[in-house]
Amino acid sequence: MASTQAASVLVASNRGPVSYALDETGALTAKRGGGGLVSGLSAIGPEAGALWVCSALGDGDREAVRRGVGEPGVRMLDIDADVHADAYNGIANSALWFVHHMLYQTPLEPVFGVDFRRQWAAYETYNHAFAAALAEEAAPGAAVLVQDYHLTLVPRMLRELRPDLRIGHFSHTPWAPPDYFRLLPDDIAAQVLGGILGADRAAFLTQRWADAFTDCCHAVLGPGIPSGTRIGVHGLGADADFLRERSHRPDVAERMAELREQIGTTADGKPRKTIVRVDRTELSKNIVRGLLAYRELLDDQPSWRERVVHVAFAYPSRQDLAVYRDYMTEVQRLAEEINSQYGTPGWTPVLLNLKDDFARSLAAYRLADVALVNPIRDGMNLVAKEMPVVSDDGCVLVLSREAGAYEELGEDAITVNPYDVSGTARALHEALTMPLDERAERTKRLAAAATALPPAQWFLDQLNALDA
């Protein structure tokens, strides 16, 4: 159902700020989400007349829409489940995500055939449902902020329906360079670019990704940026106030005690060093090569055996896709192999956690001596920004040069090529042996850079830029 009052500020994203679960009795339970968009919308206040348009993602969400259950300021779209699956899994996560993160094994993939064209039609239908809802809900001249690779076609579609609106599109992923972006069929590549160029303003997390987008426009569509779309950069930062407060609650203290016990102490009673990573088990996060680098560290520097523990949080992601299930299996297999090869009765080299637990992640942040963030490619990577903010005693950041966060944090991190396992092993040794005073100074500078544009300001800056 449409809202009773037209909105002056609208956000559109696949996932909304609330989700619903359906229990065995038929009762619905709402769960609130977090993140930069939630913080941003709260920053503009209720008087702004804001509306968040999102998709129903599961049975609970769909049932909530059918029952008319919802929250003020949120409109959830009950798009046909098969259409959503083809658009979300078939196109967004299996084509656009793979292109922008450069994940294809090109001798065998991608294959853009009949199935892809069917899924692309679903992606068009899905995007049109958002455009129609936004057109219906927006007040004259309203500002609309469309989010990410799920909704690349919405700006152009919405422009055609409501030319009076001020439309922005924000990409949270990297943007592929032209040679890789043009793996997409020519007409699809042009449609993706043309869809975003329906916006008044297209924004990205780093200048590198913004430049790649304009390069793709020139390569695919011809010189210049058609339609006068302005290009912007907004590097999302960590929410320092929230993180510092949340990381000192009792549930985090409990998990710190549990982790300390699992990590254990060296023969002389000192706490073992910790190398911490916190990721979704997502192909671009490069967890397997991180484990291989840790194994090489134990091989090349045997003095670290029984003196360091790799705390690896690899939370499930996209397990409805076979390639992600296979990747999760490989992460588990390799962790078990390292523990079997090097472990002793009093020392488990890899503590692998597969169940999502935010309080436990924060506990690991506080305990980390080394933060390992080595993605193949990443739009930003907030973990790289959050760990220095939360760390109790300072931590050394080992950071992939392919993370968007490298633009802001690279000077005070130890930089690695994400494919270079031996180089990453050497970087881990350098990080573990860094003098404490240097580590503390670097952490201080990392935390300052990481919090330069907190989520609320990040959102407001986009809104203000759209007004300019």
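Reader: Let's start with Cys395: is it buried or exposed, and what is its relative accessible area?
Author: Bear in mind that this is a predicted model, where local features need pLDDT of at least 70, side-chain atom pairs count only at pLDDT 80 or more, and totals for chains, interfaces and linings use all residues. Residues are numbered from 1 along each chain as its sequence is written, and side-chain values use heavy atoms, with hydrogens and water left out. Buried means under 20% relative accessible area, exposed over 50% and partly exposed in between, with a 1.4 Å probe on protein chains only. Cys395 is buried, and its relative accessible area is 1%.

Reader: And Cys217: how far away is the nearest cysteine sulfur?
Author: A disulfide here is a pair of cysteine sulfur atoms within 2.5 Å, and searching the whole structure turns up zero of them. Cys217 is in no disulfide, and the nearest cysteine sulfur belongs to Cys216. Cys217 itself counts as buried at 0% relative accessibility. The distance to that Cys216 sulfur is 7.1 Å.

Reader: Which residues touch the most other members of the largest nonpolar core?
Author: A nonpolar core is a set of buried Ala, Val, Leu, Ile, Met, Phe, Trp, Tyr and Cys residues joined through side-chain atoms within 4.5 Å. The largest one here has 156 residues, and those touching the most other members are Trp175 and Phe181.

Reader: Which helix gives this core its largest share?
Author: Helices (H or I, at least four residues) and strands (E, at least two) are DSSP runs, numbered from the N terminus. The largest share is 10 residues, from the stretch 114–137, which is helix H4.

Reader: What does Phe181 touch, beyond residues up to four places away in sequence?
Author: Contact means heavy atoms within 4.5 Å. With those sequence neighbours set aside, the partners of Phe181 are Val99, His100, Trp175, Ala176, Ala189, Val192, Leu193, Cys216 and Val220.

Reader: How many residues of helix H13 are buried, and which elements do they pack against?
Author: Nine of the 10 residues in H13 (358–367) are buried, so the rest of the structure largely encloses this helix.

Reader: What is the volume of the largest cavity?
Author: On a 1 Å grid over the protein atoms alone, a cavity is a set of points where a 1.4 Å probe fits but cannot get out, and lining residues have an atom within 4 Å of a point. Points are joined across faces, edges and corners, and the volume is the space filled by probe spheres set on them. The search finds one cavity of 30 Å³ or more. The largest cavity has a volume of about 60 Å³.

Reader: Which elements give two or more residues to its lining?
Author: The lining includes Leu145, His169, Arg201 and Gln462. By class there are six nonpolar, four polar and one charged residues, with Ala, Val, Leu, Ile, Met, Phe, Trp, Tyr, Cys and Pro as nonpolar, Asp, Glu, Lys and Arg as charged, and the others, Gly among them, as polar. The elements are strand S6 (138–147), strand S7 (166–171), strand S8 (201–204) and helix H18 (455–467).

Reader: What is the phi of Asp148?
Author: Asp148 sits in the loop between S6 and helix H5 (154–161), and it is buried at 11% relative accessible area. Although Asp148 is not a glycine, its phi is positive, at about 80 degrees.

Reader: Which residues are joined by a cis peptide bond?
Author: The proline involved is in the loop between helix H3 (81–100) and H4. Omega is about 5 degrees, and the bonded pair is Glu109 and Pro110.

Reader: How far apart are the C-alpha atoms of Pro163 and Gly198?
Author: Pro163 is exposed at 60% relative accessible area, whereas Gly198 counts as buried at 3%. Gly198 is in the loop between helix H7 (186–196) and S8, and Pro163 is in the one between H5 and S7. They are 35 residues apart in sequence, and their C-alpha separation is 9.9 Å.

Definitions and conventions. On a 1 Å grid over the protein atoms alone, a cavity is a set of points where a 1.4 Å probe fits but cannot get out, and a pocket is an open set with protein on both sides within 12 Å along at least five of seven lines; lining residues have an atom within 4 Å of a point.
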